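The sequence and structure are shown first.

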Amino acid sequence: MYEKILVPISDDDGTHTDAVLEVARVLVAQKAEITLLHVIESIPNYALTYIPEGVLEKGRQEMSQMLRDVAGRLGRGCQIVVKGGHIGRAILDYASANGTDCIVMRSHRPELQDVIFGSTAAHVVRHAACSVHMVR
């Protein structure tokens with residue numbers, strides 16, 4: 001059993017989120033911490049001028065609410081974190097800085113762009129200093 005589990009949640013996970021939560025429930029020790037993390041991809045500075053004022057903050061608030069809803073489905077207390085940055089790097093940095101001993105995340109079927117650019121899941125698996133459990 002793990003003491004600190006990190007569950008990265010994407011806004012497009014949809015029905016797959018419940019499967020990830022179930023795996024986290026099974027892997028967690030009785031008094032362990034579960035953290036739900038959402039990373040908002042960094043927007044290049046040149047593009048920020050085209051985004052209306054308040055849109056980014058509204059998006060952050062909506063993601064926080066979505067994570068609170070997901071936390072309610074988990075059936076136990078957990079921490080909610082919304083960060084900005086490169087998704088794969090932010091997941092790894094958070095896990096390292098907070099003593100995470102297992103990352104439970106969803107993987108999807110590889111698409112052409114994943115073959116060219118690499119997927120977030122593959123990046124996390126290759127570079128994590130802790131256990132990683134992938135859910136398909």
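## Val-104 and the nonpolar cores

Not counting residues up to four places away in sequence, Val-104 touches Ile-5, Leu-6, Val-7, Pro-8, Val-20, Val-23, Ala-24, Leu-27, His-133 and Val-135, where contact means heavy atoms within 4.5 Å. Val-104 is also among the residues with the most contacts inside the largest nonpolar core, together with Ile-5, Val-7, Ile-9, Leu-27, Ile-34 and Leu-36. That core has 21 residues. Two or more of its residues come from each of β1 (2-8), α1 (16-27), β2, α3 and β4. Apart from it lies another core, of 15 residues, among them Val-81, Ile-103, Met-105 and Cys-130.

A nonpolar core is here a set of buried Ala, Val, Leu, Ile, Met, Phe, Trp, Tyr and Cys residues joined through side-chain atoms within 4.5 Å. Buried means under 20% relative accessible area, exposed over 50%, and partly exposed in between (1.4 Å probe, protein chains only).

## Basis of the model

The model is predicted: local features need pLDDT of at least 70 and side-chain atom pairs count only at pLDDT 80 or more, whereas totals for chains, interfaces and linings use all residues. Residues are numbered from 1 along each chain as its sequence is written, and side-chain values use heavy atoms, with hydrogens and water left out.

## Overall architecture

The protein chain contains six helices and five strands, arranged along the sequence as β-α-β-α-α-β-α-β-α-α-β. Helices (H or I, at least four residues) and strands (E, at least two) are DSSP runs, numbered from the N terminus.

Of the 136 residues in the protein chain, 37% are buried. Among contacts with a separation of 6 or more, 80% are between residues 24 or more positions apart. The chain exposes about 8200 Å², of which carbon and sulfur atoms supply 53%; accessible areas come from the Shrake-Rupley method with a 1.4 Å probe, and for residues only the protein chains shown count as cover.

Thr-17 is found in helix α1 and counts as buried because its relative accessibility is 3%. Leaving out residues up to four places away in sequence, Thr-17 touches Ile-9, Val-70 and Arg-73.

Ser-107 lies in the loop between β4 (102-106) and α5 (112-117). Its relative accessibility is 15%, so Ser-107 counts as buried. Beyond its neighbours within four places in sequence, Ser-107 is in contact with Ala-121, Met-134, Val-135 and Arg-136.

## The second largest pocket and Glu-41

The second largest pocket has a volume of about 180 Å³ and is lined by 13 residues, with Ile-40, Glu-41, Ile-43, Leu-56 and Arg-60 nearest its centre. A pocket is an open set of points on a 1 Å grid over the protein atoms alone, where a 1.4 Å probe fits, with protein on both sides within 12 Å along at least five of seven lines; lining residues have an atom within 4 Å of a point. At least two lining residues come from each of β2 (28-41), α3 (55-74) and β3 (79-85), and α3 gives the largest share, six residues. The lining divides into six nonpolar, four polar and three charged residues.

Glu-41 belongs to strand β2 and counts as partly exposed because its relative accessibility is 40%. Leaving aside its neighbours within four places in sequence, Glu-41 is in contact with Gly-85, His-86 and Ile-87. The C-alpha atoms of Glu-41 and Lys-83, 42 residues apart along the chain, are separated by 8.7 Å.

Note on methods:
Points joined across faces, edges and corners; volume = space filled by probe spheres on them. Nonpolar A, V, L, I, M, F, W, Y, C, P; charged D, E, K, R; others polar.
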